[in-house]
Amino acid sequence: MDENNNQQVNRMRAATNSGDRNRWRKMGGKNRNFAALVALLIICLIWFITAHYVDKPFLFPYLEDVLKEVGYSLTDMYVLRNLGITMRRVLTGSLYAFIIGFPLGMIMGYSPQILRAISPFMNSLRQVPIMAWVPLAIVWFGIGDGPTIFLIAFSGLFTIILNTISGVQDINKDFYHAARSMGANTFSVIKDVVLPGSLPGVMTGVRLAIGLGWMSVI
Amino acid sequence: MVEAQSKMLTDKVIAYMVIAGIIGFLIDIVMVQAEKILLRWRAQ
(Lines give C-alpha, C1' and ligand atoms only; values in the text may rest on other atoms or scores of the structure.)
Protein backbone atom coordinates (compact mmCIF):
# COMPACT_ATOMS: atom_id res chain seq x y z
CA MET A 1 0.00 0.00 0.00
CA ASP A 2 2.80 2.40 0.96
CA GLU A 3 4.72 1.32 -2.12
CA ASN A 4 1.69 2.07 -4.29
CA ASN A 5 1.30 5.48 -2.65
CA ASN A 6 4.97 6.25 -3.21
CA GLN A 7 4.71 5.23 -6.84
CA GLN A 8 1.67 7.42 -7.28
CA VAL A 9 3.41 10.37 -5.60
CA ASN A 10 6.47 9.87 -7.83
CA ARG A 11 4.27 9.79 -10.94
CA MET A 12 2.53 13.00 -9.86
CA ARG A 13 5.87 14.66 -9.13
CA ALA A 14 7.22 13.61 -12.56
CA ALA A 15 4.08 14.94 -14.26
CA THR A 16 4.41 18.26 -12.42
CA ASN A 17 8.09 18.59 -13.38
CA SER A 18 7.25 17.77 -16.97
CA GLY A 19 4.59 20.47 -16.93
CA ASP A 20 7.09 22.96 -15.47
CA ARG A 21 9.58 22.13 -18.21
CA ASN A 22 6.88 22.61 -20.86
CA ARG A 23 5.94 25.96 -19.41
CA TRP A 24 9.60 27.00 -19.34
CA ARG A 25 9.93 25.98 -22.98
CA LYS A 26 6.82 27.90 -23.90
CA MET A 27 7.81 30.88 -21.68
CA GLY A 28 4.63 31.14 -19.64
CA GLY A 29 2.21 29.50 -22.05
CA LYS A 30 2.93 31.50 -25.23
CA ASN A 31 5.06 30.09 -28.05
CA ARG A 32 8.18 32.10 -28.85
CA ASN A 33 9.98 31.55 -32.13
CA PHE A 34 13.57 31.51 -30.87
CA ALA A 35 14.63 29.26 -33.74
CA ALA A 36 14.09 32.03 -36.31
CA LEU A 37 16.08 34.48 -34.17
CA VAL A 38 18.96 32.02 -33.82
CA ALA A 39 18.87 31.36 -37.59
CA LEU A 40 19.00 35.11 -38.26
CA LEU A 41 22.00 35.54 -35.96
CA ILE A 42 23.80 32.67 -37.69
CA ILE A 43 23.09 34.20 -41.12
CA CYS A 44 24.42 37.57 -39.93
CA LEU A 45 27.53 35.94 -38.50
CA ILE A 46 28.21 34.04 -41.76
CA TRP A 47 27.66 37.25 -43.76
CA PHE A 48 30.02 39.24 -41.51
CA ILE A 49 32.81 36.66 -41.66
CA THR A 50 32.45 35.99 -45.40
CA ALA A 51 32.29 39.69 -46.36
CA HIS A 52 35.48 40.43 -44.44
CA TYR A 53 37.15 37.34 -45.86
CA VAL A 54 36.26 38.30 -49.47
CA ASP A 55 37.16 41.94 -48.68
CA LYS A 56 35.55 43.40 -51.82
CA PRO A 57 32.71 45.66 -50.62
CA PHE A 58 31.49 46.26 -54.18
CA LEU A 59 30.92 42.53 -54.77
CA PHE A 60 29.93 41.55 -51.23
CA PRO A 61 29.01 44.54 -49.02
CA TYR A 62 29.88 44.41 -45.35
CA LEU A 63 27.06 43.63 -42.94
CA GLU A 64 27.77 46.74 -40.88
CA ASP A 65 27.56 49.00 -43.98
CA VAL A 66 24.23 47.49 -44.97
CA LEU A 67 22.84 47.82 -41.44
CA LYS A 68 24.01 51.44 -41.33
CA GLU A 69 22.21 52.13 -44.63
CA VAL A 70 19.06 50.38 -43.34
CA GLY A 71 19.12 52.53 -40.20
CA TYR A 72 19.74 55.72 -42.19
CA SER A 73 16.97 54.91 -44.72
CA LEU A 74 14.41 54.16 -42.00
CA THR A 75 15.03 57.60 -40.48
CA ASP A 76 15.07 59.44 -43.83
CA MET A 77 11.72 61.17 -44.49
CA TYR A 78 12.21 60.98 -48.26
CA VAL A 79 12.48 57.18 -48.14
CA LEU A 80 9.61 56.84 -45.65
CA ARG A 81 7.36 59.08 -47.76
CA ASN A 82 8.08 57.00 -50.87
CA LEU A 83 7.47 53.79 -48.93
CA GLY A 84 4.11 55.20 -47.86
CA ILE A 85 3.22 56.05 -51.48
CA THR A 86 4.25 52.54 -52.57
CA MET A 87 2.20 50.94 -49.80
CA ARG A 88 -0.84 53.00 -50.84
CA ARG A 89 -0.45 51.82 -54.44
CA VAL A 90 -0.10 48.17 -53.35
CA LEU A 91 -3.19 48.31 -51.14
CA THR A 92 -5.22 50.11 -53.83
CA GLY A 93 -4.19 47.63 -56.51
CA SER A 94 -4.89 44.68 -54.21
CA LEU A 95 -8.31 46.12 -53.39
CA TYR A 96 -9.17 46.37 -57.09
CA ALA A 97 -7.91 42.80 -57.60
CA PHE A 98 -10.15 41.65 -54.74
CA ILE A 99 -13.21 43.56 -56.00
CA ILE A 100 -12.89 41.96 -59.43
CA GLY A 101 -11.42 38.58 -58.47
CA PHE A 102 -13.56 37.60 -55.48
CA PRO A 103 -17.01 37.64 -57.16
CA LEU A 104 -15.59 36.08 -60.32
CA GLY A 105 -13.87 33.35 -58.31
CA MET A 106 -17.05 32.69 -56.30
CA ILE A 107 -19.16 32.37 -59.47
CA MET A 108 -16.59 30.15 -61.18
CA GLY A 109 -16.19 27.97 -58.10
CA TYR A 110 -19.93 27.58 -57.58
CA SER A 111 -20.93 26.96 -61.20
CA PRO A 112 -19.09 24.29 -63.23
CA GLN A 113 -20.60 25.64 -66.47
CA ILE A 114 -19.26 29.15 -65.89
CA LEU A 115 -15.91 27.68 -64.82
CA ARG A 116 -15.69 25.73 -68.11
CA ALA A 117 -16.65 28.82 -70.09
CA ILE A 118 -14.21 31.31 -68.54
CA SER A 119 -11.26 29.06 -67.60
CA PRO A 120 -9.60 28.91 -71.05
CA PHE A 121 -9.50 32.71 -71.31
CA MET A 122 -8.38 33.16 -67.74
CA ASN A 123 -5.64 30.54 -67.98
CA SER A 124 -4.34 32.07 -71.22
CA LEU A 125 -4.41 35.62 -69.93
CA ARG A 126 -2.54 34.84 -66.75
CA GLN A 127 0.39 33.38 -68.68
CA VAL A 128 1.07 36.73 -70.39
CA PRO A 129 4.17 38.34 -68.83
CA ILE A 130 3.32 41.34 -66.71
CA MET A 131 5.88 43.52 -68.50
CA ALA A 132 3.96 43.04 -71.75
CA TRP A 133 1.11 45.03 -70.20
CA VAL A 134 3.26 48.07 -69.38
CA PRO A 135 2.90 49.93 -72.73
CA LEU A 136 -0.84 49.26 -72.84
CA ALA A 137 -1.21 50.37 -69.23
CA ILE A 138 0.58 53.66 -70.01
CA VAL A 139 -1.62 54.22 -73.08
CA TRP A 140 -4.84 53.45 -71.16
CA PHE A 141 -4.08 55.14 -67.83
CA GLY A 142 -1.44 57.73 -68.71
CA ILE A 143 1.66 58.55 -66.67
CA GLY A 144 1.33 58.44 -62.89
CA ASP A 145 -0.27 56.02 -60.44
CA GLY A 146 -2.64 54.48 -63.01
CA PRO A 147 -0.29 52.03 -64.76
CA THR A 148 1.32 51.00 -61.45
CA ILE A 149 -2.00 50.26 -59.79
CA PHE A 150 -3.18 48.41 -62.91
CA LEU A 151 -0.08 46.19 -62.91
CA ILE A 152 -0.38 45.49 -59.19
CA ALA A 153 -4.07 44.62 -59.58
CA PHE A 154 -3.33 42.43 -62.59
CA SER A 155 -0.58 40.52 -60.81
CA GLY A 156 -2.87 39.76 -57.84
CA LEU A 157 -6.13 39.19 -59.72
CA PHE A 158 -5.56 35.63 -60.92
CA THR A 159 -4.15 34.55 -57.57
CA ILE A 160 -7.34 35.68 -55.86
CA ILE A 161 -9.54 34.06 -58.53
CA LEU A 162 -7.77 30.70 -58.37
CA ASN A 163 -7.68 30.58 -54.58
CA THR A 164 -11.34 31.61 -54.33
CA ILE A 165 -12.31 28.86 -56.79
CA SER A 166 -10.29 26.39 -54.73
CA GLY A 167 -11.90 27.63 -51.50
CA VAL A 168 -15.41 27.19 -52.88
CA GLN A 169 -14.69 23.76 -54.36
CA ASP A 170 -13.12 22.55 -51.09
CA ILE A 171 -16.38 23.00 -49.19
CA ASN A 172 -17.62 19.63 -48.03
CA LYS A 173 -20.71 18.55 -49.98
CA ASP A 174 -22.31 17.42 -46.69
CA PHE A 175 -22.72 21.08 -45.71
CA TYR A 176 -24.78 21.68 -48.85
CA HIS A 177 -26.90 18.57 -48.14
CA ALA A 178 -27.39 19.63 -44.51
CA ALA A 179 -28.42 23.17 -45.51
CA ARG A 180 -30.81 21.93 -48.21
CA SER A 181 -32.34 19.35 -45.89
CA MET A 182 -33.12 22.17 -43.45
CA GLY A 183 -34.94 24.08 -46.18
CA ALA A 184 -32.27 26.56 -47.25
CA ASN A 185 -32.74 28.22 -50.63
CA THR A 186 -29.85 29.09 -52.97
CA PHE A 187 -29.33 32.52 -51.42
CA SER A 188 -29.14 31.04 -47.91
CA VAL A 189 -26.74 28.34 -49.08
CA ILE A 190 -24.45 30.98 -50.58
CA LYS A 191 -24.72 33.25 -47.52
CA ASP A 192 -24.35 30.60 -44.82
CA VAL A 193 -22.31 27.83 -46.46
CA VAL A 194 -20.38 29.07 -49.48
CA LEU A 195 -19.19 32.44 -48.15
CA PRO A 196 -17.87 31.24 -44.77
CA GLY A 197 -16.64 27.94 -46.22
CA SER A 198 -14.62 29.59 -48.95
CA LEU A 199 -13.06 32.15 -46.60
CA PRO A 200 -9.83 30.16 -45.94
CA GLY A 201 -9.10 30.00 -49.68
CA VAL A 202 -10.02 33.67 -50.15
CA MET A 203 -7.75 34.78 -47.30
CA THR A 204 -4.86 32.77 -48.75
CA GLY A 205 -5.47 34.39 -52.14
CA VAL A 206 -5.56 37.90 -50.67
CA ARG A 207 -2.40 37.25 -48.66
CA LEU A 208 -0.56 36.02 -51.77
CA ALA A 209 -1.94 38.86 -53.91
CA ILE A 210 -0.69 41.55 -51.54
CA GLY A 211 2.72 39.88 -51.42
CA LEU A 212 2.86 39.65 -55.23
CA GLY A 213 1.76 43.28 -55.54
CA TRP A 214 4.50 44.40 -53.15
CA MET A 215 7.10 42.36 -55.07
CA SER A 216 6.04 43.67 -58.48
CA VAL A 217 6.03 47.33 -57.48
CA ILE A 218 9.40 47.21 -55.74
CA MET B 1 16.49 52.18 -55.08
CA VAL B 2 16.62 53.11 -58.76
CA GLU B 3 19.31 55.69 -58.06
CA ALA B 4 21.33 53.16 -56.06
CA GLN B 5 20.95 50.60 -58.86
CA SER B 6 22.07 53.03 -61.55
CA LYS B 7 25.09 54.14 -59.49
CA MET B 8 25.88 50.49 -58.55
CA LEU B 9 25.83 51.24 -54.81
CA THR B 10 25.51 47.58 -53.82
CA ASP B 11 25.31 48.23 -50.07
CA LYS B 12 22.37 50.61 -50.59
CA VAL B 13 20.67 48.16 -52.98
CA ILE B 14 20.94 45.36 -50.41
CA ALA B 15 19.77 47.73 -47.66
CA TYR B 16 16.63 48.59 -49.67
CA MET B 17 16.12 44.87 -50.38
CA VAL B 18 16.29 44.21 -46.63
CA ILE B 19 13.75 47.00 -45.98
CA ALA B 20 11.43 45.62 -48.69
CA GLY B 21 11.73 42.16 -47.16
CA ILE B 22 10.99 43.46 -43.65
CA ILE B 23 7.92 45.36 -44.84
CA GLY B 24 6.72 42.33 -46.81
CA PHE B 25 7.18 40.20 -43.68
CA LEU B 26 5.18 42.71 -41.60
CA ILE B 27 2.39 42.72 -44.23
CA ASP B 28 2.31 38.94 -44.03
CA ILE B 29 2.07 39.02 -40.22
CA VAL B 30 -0.90 41.41 -40.44
CA MET B 31 -2.61 39.10 -42.95
CA VAL B 32 -1.99 36.05 -40.73
CA GLN B 33 -3.55 37.88 -37.76
CA ALA B 34 -6.53 38.91 -39.93
CA GLU B 35 -6.86 35.28 -41.01
CA LYS B 36 -6.82 34.14 -37.34
CA ILE B 37 -9.59 36.61 -36.46
CA LEU B 38 -11.81 35.86 -39.47
CA LEU B 39 -11.28 32.10 -39.31
CA ARG B 40 -11.62 31.68 -35.56
CA TRP B 41 -14.42 29.20 -36.14
CA ARG B 42 -12.15 26.81 -38.02
CA ALA B 43 -10.90 23.76 -36.08
CA GLN B 44 -7.12 23.86 -35.72
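In this predicted model, 23 residues of chain A are in contact (heavy atoms within 4.5 Å) with 23 residues of chain B. Together the two chains bury about 2,100 Å², 80% of it on carbon and sulfur atoms; buried area is the accessible area, taken with a 1.4 Å probe, that two parts lose on being put together, summed over both.

Between chain A and chain B there are 2 salt bridges, a salt bridge being a side-chain nitrogen of Lys or Arg within 4 Å of a carboxyl oxygen of Asp or Glu. One of them joins the side chains of B:Asp28 and A:Arg207, at 2.8 Å from N to O.

By class, the side of chain A that touches chain B has 18 nonpolar, 2 polar and 3 charged residues. Ala, Val, Leu, Ile, Met, Phe, Trp, Tyr, Cys and Pro count as nonpolar, Asp, Glu, Lys and Arg as charged, and the others, Gly among them, as polar.

Residues are numbered from 1 along each chain as its sequence is written, and chains are lettered from A in the order in which they are written. Local features need pLDDT of at least 70, side-chain atom pairs count only at pLDDT 80 or more, and totals for chains, interfaces and linings use all residues, while side-chain values use heavy atoms, without hydrogens and water.
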